[in-house]
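Good morning, everyone, and thank you for making the time. I would like to walk you through a structure that may be new to you, so please keep it in view while I speak.

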Amino acid sequence: MHGCERLGITWAPAPLATISAPKDDRHPCVYRGYCNFGCSTNAKASTLVTYIPKAIKAGAEIRAGCMAARINLDDRGRARSVSYYRRDVDTGGYVEEEQRARVIIVAGYSIETPRLLLNSACSQFPEGLANSSGLVGTHLMIHAADNVFARFETPVYQYKAPPCLALTQDFYATDPRNDYVRGYTIECIGPFPIQFAKIAGSGKRMWGERLRTFMLDYNHYAGLGLNGECLPHLFNTVTVVPEEKDQYGLPIPKVTFSWGENEHKLIKAGVAQMRRILEAAGGTDICTADDTAHLMGACRMGNDARRSVVDQWCHTWDVPNLCVCDGSVFVTSSGVNPSLTIQAIASRTADNIVEAARRREL
C-alpha cells in the first residue's frame with residue numbers, strides 16, 4: 001500500500017476467514033487466487049465446509065433442492081411447521097411437504113427472509129408473519145462498492161491471493177468536515193479477467209478489438225474497492241407481488257432501492273480518495289466503475305417490538321419460537337463486509353436457543 005503510506009493514510013491486513021495452516025480436514029491457502037469461483041483446498045471458510053459437515057456428523061439432515069413456501073402457526077400462535085416444495089425425481093414436478101419443529105429459524109437473507117414472512121400471512125398476521133410492527137421488508141441496505149483501477153509498469157497479478165488482503169478505515173467514521181455522515185472502508189480487490197473486462201469496458205467505453213488489446217495488459221492493473229455505508233432508509237423495501245408468481249406458485253419478491261443524497265456524496269468522496277491513492281502509488285490510465293455489494297436489513301433487530309422485527313436474540317417479537325438469523329436483522333450497514341458479523345450473530349443466537357431449551361422456555 002505504497003500509495004497510502006505516501007499520503008499518510010494508515011492501512012492494515014484485512015480479516016479473512018481463510019486458514020493459513022491445516023485445520024480439521026482442510027488444507028491451508030495456497031494463493032491460487034480462484035477464491036470467488038470456489039476454493040479447491042477448502043481453505044476459504046463457508047458454511048458448506050465448516051458447520052454443515054459437522055452438523056451432518058451430529059445427525060442433521062440436509063434437504064437440498066427444496067423451497068420454503070410458508071411458516072404455519074398452531075392455535076396458540078406459535079410456529080408449528082414449515083411447508084415447502086420438493087422436486088419429485090420421478091415426475092419432475094413439485095411436491096408440497098411439511099416439516100414440524102419446536103423452533104424454526106429463518107436464514108434466507110435480506111430478500112428471501114422477508115419474502116417468506118410476507119408470504120406466510122395468516123389470520124393472526126394478515127400483513128405478514130411476525131409483522132405487527134409493519135417493518136418486515138423495510139430499511140433494506142446495500143453497500144456502495146465502486147471500483148477504481150490503475151495501470152502499473154511492473155506486473156501486479158491482481159488475481160493472485162485472496163481478494164481484500166489489505167484495507168484502510170481512515171475514512172470510516174463521521175467527519176464533521178464532510179458534507180455527509182458516516183464513511184467507508186477502502187480495500188484491495190482482484191477481479192478475474194472476465195469481470196475486469198466488464199469493468200474496463202464499461203468505465204472506458206471499450207468493446208471489440210480495442211477491449212481485447214487492452215486486456216493484454218491485465219496483469220499490470222491493480223484496483224481498490226469501496227465498502228461504503230448505506231443509511232437505513234424506510235423507502236428501500238422488499239415486498240411481494242401476489243399477481244406474479246414463480247415456478248412454485250409463490251408470489252415473487254419486489255425490491256425497491258435507490259441511493260439517498262448522503263450515499264451519493266459518500267460515493268463521490270470515496271472514488272476521489274481511491275484515485276488519489278492509486279496515483280500516489282504510481283498508477284496511470286485510471287478507470288472507474290460503479291458497483292454494489294452485500295445486502296443487509298429488512299427484518300431489523302431492536303429493543304422495542306413497535307420499532308423492530310426481532311429482539312436482541314433474533315427471536316421475532318410476535319412468534320417466540322420463530323427466529324430470523326441472517327444479515328436481514330442488521331439495523332445499520334456500517335462500512336465493512338458483514339460476513340463475520342453474521343456468523344457471530346448466528347453463534348450467539350444458537351447458544352441462546354440451546355440455553356432456552358434447557359430451561360424449557362421453547
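Among the elements that cover the buried residues of helix α4 are β7 (147-151), α5 (208-215), β10 (221-228) and β13 (284-289). The model we are looking at is a predicted one, so please hear everything that follows with that in mind. Helix α4 itself takes in residues 193-203, and the residues that it buries are F196, A197, I199, A200 and G201. If you follow the chain onward from α4, you come to R205, whose phi is positive, near 55 degrees.

Strand β2 covers residues 66-73, and it pairs with strand β3, residues 79-87, in the antiparallel sense over seven bridges. The two strands form a hairpin with five residues between them, and in that turn G77 has a positive phi of about 85 degrees. Within this pairing, R70 finds its bridge partner in β3 at S83.

The loop between β2 and β3 is also where you will find D75, which counts as exposed because its relative accessibility is 83%. What lies 9.8 Å from D75, C-alpha to C-alpha, although it is 49 residues apart in sequence? That residue is Q124.

Strand β3 takes part in a further antiparallel pairing, this one with β4, again described by seven bridges. Here Y84 has E97 of β4 as its bridge partner. The hairpin of β3 and β4 has six residues between the strands, and G92 in that hairpin takes a positive phi near 80 degrees.

That brings me to the charged side chains. As a general point, side chains of opposite charge can pair when their charged atoms come close. How many salt bridges does a search of the whole structure find? The search finds 16, and I will pick out a few of them.

The side chains of R70 and E96 meet in a salt bridge, at 2.6 Å from N to O. Because R70 lies in strand β2 and E96 in strand β4, residues 94-100, this pair ties together parts that are 26 residues apart in sequence. R70 is partly exposed, with a relative accessible area of 31%, and E96 likewise counts as partly exposed, at 38% relative accessibility.

A second example is the salt bridge in which the side chains of R151 and E153 meet, at 3.3 Å from N to O. Which of the two words, buried or exposed, applies to R151? At 18% relative accessibility R151 counts as buried, since the limit for that word is under 20%, whereas E153, at 66%, counts as exposed.

E229 counts as buried, at 6% relative accessibility, and R182 counts as partly exposed, at 25%. Finally on this topic, E112, R115 and D246 are linked in a network of salt bridges.

I would now ask you to find S110, which has its place in helix α3, residues 109-119. Is S110 buried or exposed? With a relative accessibility of 0%, S110 counts as buried. The side chain of S110 reaches the backbone oxygen of G297 at 2.9 Å, and that side chain also reaches the backbone nitrogen of M296 at 3.5 Å. If we leave aside its neighbours within four places in sequence, the residues in contact with S110 are L140, V238, L295, M296, G297, A298, G327 and S328.

L16, Y31 and L165 make a nonpolar surface patch of about 260 Å². Of these residues, let me place Y31 for you: it is found in the loop between β1 (12-13) and α2 (51-57), and it is partly exposed, with a relative accessible area of 45%.

Terms used: Residues are numbered from 1 along each chain as its sequence is written. This is a predicted model: local features need pLDDT of at least 70, side-chain atom pairs count only at pLDDT 80 or more; totals for chains, interfaces and linings use all residues. Side-chain values use heavy atoms; hydrogens and water are left out. Buried means under 20% relative accessible area, exposed over 50%, partly exposed in between (1.4 Å probe, protein chains only). Helices (H or I, at least four residues) and strands (E, at least two) are DSSP runs, numbered from the N terminus. Contact means heavy atoms within 4.5 Å. Patches are made of residues with over 30% relative accessible area and no salt bridge: like charges are joined within 9 Å, nonpolar side chains (Val, Leu, Ile, Met, Phe, Trp, Tyr) within 5 Å. Accessible areas come from the Shrake-Rupley method with a 1.4 Å probe; for residues, only the protein chains shown count as cover. A salt bridge is a side-chain nitrogen of Lys or Arg within 4 Å of a carboxyl oxygen of Asp or Glu. Two strands pair if DSSP finds at least two bridges between them. A polar contact is a pair of N or O atoms within 3.5 Å; within protein, one must be able to donate a hydrogen and the other to accept it, and residues adjacent in sequence count only if both atoms are side-chain atoms.
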